[in-house]
Amino acid sequence: VETESVETESVETESVELEAESVEKTVEKKMAQMKAAIAKAEAAAATPPSPPPPLPEGLAIDGSAVYSLVRWYCREAGVRSLQQKIEQICRKLALRAVKWGNGLEEDEKFKDKGWVVDEDNLADYVGQPIFTSDRLYEKPPPGVVMGLAWTAMGGSSLYIEATAATRLVPSGGGGGGGGGG
């Protein structure tokens, strides 16, 4: 009985060793596949991408557009909102350039101005102006004065209107007035 158990143990040990060798070979094979995949990915990352299509001629933001951005869109003390508006313009120009490079149809409103963003077509890129002119009247009418209010954006001018009002006097003399004694 002891010889049978010894033989059974040796057979089981051999089968476990064979399984371990099989697992080891499978792991080595998977590791080799992983190394090959990593090398392929690194080689793909090292090759430069194809060059982008050429940009259209005359792509620019005019100085009048920057001045209008400062005056009508960005009145804060810093330049953060100005930077955000310029980035918004650049994104829309980039989208137009990609559409142009792919041969897609161009908007009719951009045909006459081309690729230059100026004061006239600025609203197409950043929307309507946030701030409008401070002056409503060239010369204020009677009863209207101009005031100044402090705001987080620096200040704002406002018009204050005054109108004449008649004083209403209560009728009937018993109105409990001055307490004369």
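My notes below go from the overall layout to the core and then to a surface patch.

**Layout.** I'm keeping in mind that this is a predicted model. I counted the elements of the protein chain and got five helices and four strands. Reading from the N terminus, I wrote down the order as α-β-α-α-α-β-α-β-β.

**Burial and surface.** The protein chain has 181 residues, and 14% of them are buried. I looked up the accessible surface next: it comes to about 14,700 Å², with 59% belonging to carbon and sulfur atoms. For contacts between residues at least 6 apart in sequence, I noted that 56% join residues at least 24 apart.

**Core.** Which residues have the most contacts inside the largest nonpolar core? I found L69, I89, V117, L122 and V126, in a core of 13 residues. Two or more residues each come from α2 (63-73), α3 (80-101) and α5 (123-126). The largest share is from α3, which gives four residues.

Leaving out residues up to four places away in sequence, L122 touches A65, S68, L69, Y73, I89, V117 and G127. Three of the names in that list, L69, I89 and V117, I had already written down for the core.

**Surface patch.** V23, V27 and M31 make a nonpolar surface patch of about 270 Å². I placed V27 in helix α1, residues 2-46.

Methods: Residues numbered from 1 in each chain as written. Predicted model: local features only at pLDDT ≥ 70, side-chain atom pairs only at ≥ 80, totals over all residues. Heavy atoms only, no water. Core = buried A, V, L, I, M, F, W, Y, C linked by side-chain atoms within 4.5 Å. Buried < 20%, exposed > 50% of the residue type's maximum accessible area, 1.4 Å probe, protein only. Contact = heavy atoms within 4.5 Å. Areas by Shrake-Rupley, 256 points an atom, 1.4 Å probe, with all protein chains shown as cover. Patch = residues over 30% accessible without salt bridge, like charges linked within 9 Å, V, L, I, M, F, W, Y side chains within 5 Å. Salt bridge = Lys/Arg side-chain N within 4 Å of Asp/Glu carboxyl O.
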